[in-house]
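Subject: Structure handover

Hello,

Here is the structure for you to look over. My notes follow below it.

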Number of protein chains: 2
Amino acid sequence: MSLLNNLVLKAAKGEKTERVPVWLMRQAGRVLPEYRATRAKAKNFIEFVKNPELACEVTIQPVDILGVDAAIIFSDILVIPEAMGLPYQMIEAKGPWFEKTIKTKSDIDALKIAEGEDLNYVLKALQLTKKELNNRVPLIGFCGAPWTILAYMVEGSGSKTFSKAKQFLYTEPILAHQLLEKITQSSINYLKSQVKAGADMIQLFDSWAGILSEKQFYEFSLHYINKIVQEIKPLVPVTVFAKDAHYALNKIADTGCNTIGIDWTINPTKARNEAGKNVTLQGNADPCLLYAPEKTILEETHKMLNEFGAERYICNLGHGLYPDLDKEKVKYFVEVVKSFKFN
Amino acid sequence: MSLLNNLVLKAAKGEKTERVPVWLMRQAGRVLPEYRATRAKAKNFIEFVKNPELACEVTIQPVDILGVDAAIIFSDILVIPEAMGLPYQMIEAKGPWFEKTIKTKSDIDALKIAEGEDLNYVLKALQLTKKELNNRVPLIGFCGAPWTILAYMVEGSGSKTFSKAKQFLYTEPILAHQLLEKITQSSINYLKSQVKAGADMIQLFDSWAGILSEKQFYEFSLHYINKIVQEIKPLVPVTVFAKDAHYALNKIADTGCNTIGIDWTINPTKARNEAGKNVTLQGNADPCLLYAPEKTILEETHKMLNEFGAERYICNLGHGLYPDLDKEKVKYFVEVVKSFKFN
């Protein structure tokens, strides 16, 4: 069963594409009224994530409504801590919250290494979505990078500084590595199961890479990202998105990942120079550009596409869509990319 | 009246210093129990900021207690919006909040350009502190960079994304420039008065530089920072700290500012290469390093100092101190820097 639209996969593998492929982070949700309608069917966010039918529905919506070139499974990066034995709640307007956090060696010892079957609801959602997509576009699976997962498990919630999590790295580096290793093994098991369930490619989200120093990023984050890339890359293309690790593009490329996601503070030409020619770049429009009038969206997007160039490039935002963006503007952005022709 | 300890000023001017000078962002407050005792004398944060005697007290505390090489006047960057006619409140555990925000041309027209006398309470605090310091160390004045001030005036509060403020740049660029111009003129008036009142140097804080794209940073932020630098530099040395504008070090140096503050995600050697040799660098220890055992603090600090080298360098953190840091650890860090000798 070959895909009818495999532009994103081709670009990830370094093959030429007839036009620039485009998908959007946080496209499965937030900006679509259709998402909010589906969301209302579940009692709360966690129930929503655990319902394969509803997850499938919101995963496919942006393909139908926005015309993007890939679907990304609707889920949450915090399903991994939960599968390891550390459940979370999603507090309305506040974000994730863990009743128990990781502080000691015995806390870490008590965690299990998650297996694919511990996350059966995600695998079912993937299987269902794969079937419903009917090979129209590739299906992207994902998980959080180990450092970002540790950050939540130690901090217990979102934070501007994640100072508890960083304190843990400075005061308990050996424990931190033990925890990162367990998260990494769990993530590898999980991602392998995602691929078996139908994921055509995988993205790792290191949402909190930017709060680490360069040295810490290499030691506590990239080391484990690299382990995951080595295990998953033989199966499907892997994208690494380490938000705000602006200094690390060449080192991320060295992992051999297929694609590097970059945020909007990174200059496309500089990104290409630093990452080299053997990796695809994905990004990096400012989500706030989609608040602008259509004329500005058109001009800025054309400028960005010309800077990235035709090869080894997947268009996306530099961060997720914001919930209050106008769906028509988002659609317009996707159309601008799809109809763009290089001079 | 010459200063007994002018190491920070000498370093800012590019003169050799017998040892590395050190001061800490957010040193006037947060981490000291003595600060909290003084803070308790005021009804609320705004009253605290507006009380010259209390502001003087907490400004001098870190000089006495931590042994830092400069005092920075205790105040808030949001005194400028207030002086322009847009008052704010400081909500406990939430941060700043503006009842009225800027949306339209008439909102901007209604704002006044602040004069020094509108901020008399800060000037009095500076005069008092200058006198009480008795020339022991230089006194640093400061204000927010115009973009950061606009961000609060439009957004109305702190925010992870400042999406309303960025939306304003994309949808109302002409109004944004009008507002930035008014903030810039107000800031220049304010800073000139600070110098007259005794400030020996000035730091501009662009706390939200990092949420702009590179192009936006140059257009909406650095353009106005440059105007301020041109007006203030003939009077006293000026430091520009544009948090997370990692790509802009050479452009910031081009303003002719004396010192560039850098955060802990920026490699010292790279910073020196990009900023050039005619500007002083200030930074960039991770505040979370001060949670670490003394051995780690010593090793990491020595490493950082060796990387920055002996010339044109002022030691500081890459961000402000966190309130839950142990005062003794902060003191230890300062001692490590002061007793450091280059090989």
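First, a term: two residues are in contact if their C-beta atoms, placed from the backbone, lie within 7 Å. This is a predicted model, where local features need pLDDT of at least 70, side-chain atom pairs count only at pLDDT 80 or more, and totals for chains, interfaces and linings use all residues. Residues are numbered from 1 along each chain as its sequence is written, while chains are lettered from A and ligands numbered from 1 in the order in which they are written.

The core

A residue is buried if 20 or more other C-beta atoms lie within 10 Å of its own, exposed if 12 or fewer, and partly exposed in between; these C-beta atoms too are placed from the backbone. A nonpolar core is a set of buried Ala, Val, Leu, Ile, Met, Phe, Trp, Tyr and Cys residues joined through C-beta atoms within 7 Å. The largest one holds 122 residues. Within that core, B:I80, B:L150 and B:V240 touch the most other members. Helix α11 (residues 214-232) of chain B supplies the largest share, eight residues. Helices (H or I, at least four residues) and strands (E, at least two) are DSSP runs, numbered from the N terminus.

What does B:I80 contact, leaving aside its neighbours within four places in sequence? The partners are B:A114, B:C143, B:G144, B:I149, B:I183, B:S186, B:S187 and B:Y190. A second, separate core has 121 residues, including A:V79, A:A209, A:F217 and A:V337.

Helix packing in chain B

Two packed helices are described by the angle between their axes and the distance between the axes. Take helix α8 (residues 146-155) and helix α10 (residues 173-196), both of chain B. Their axes come within 9 Å and cross at roughly 120°. Axes here are lines fitted to C-alpha atoms, for helices over the stretch in contact; angles run from 0 to 180 degrees between N-to-C directions.

From α8(B), the residues B:P146, B:W147, B:I149 and B:L150 take part. They meet B:A176, B:L179, B:L180, B:I183, B:T184 and B:S187 in α10(B). By class, this contact has eight nonpolar, two polar and no charged residues. Ala, Val, Leu, Ile, Met, Phe, Trp, Tyr, Cys and Pro count as nonpolar, Asp, Glu, Lys and Arg as charged, and the others, Gly among them, as polar.

The interface

Chain A and chain B each put 22 residues into the contact. On the side of chain A, helix α9 (residues 163-171) gives the most, with five residues. That side has nine nonpolar, ten polar and three charged residues.

Chain A superposes on chain B by a rotation of 180° with 0.0 Å of shift along its axis (RMSD 0.0 Å). That is the relation of a two-fold axis. The same surface serves both copies, as 100% of the contact residues of chain A recur in chain B. The superposition is by least squares on the C-alpha atoms of residues with pLDDT of at least 70 in both copies.

Backbone points to check

Most residues other than glycine have a negative phi, and most peptide bonds are trans. A:G283 to A:N284 is cis, with omega near -20°. A:N284 sits in strand β8 (residues 280-285) of chain A. B:G283 and B:N284 are also joined by a cis peptide bond, with omega about -15°.

A:N135 is not a glycine, yet has a positive phi of about 65°. A:N135 counts as partly exposed, with 15 C-beta neighbours inside 10 Å. A:R312, again not a glycine, has a positive phi of about 50°. A:R312 is buried, with 25 other C-beta atoms within 10 Å.

Best wishes
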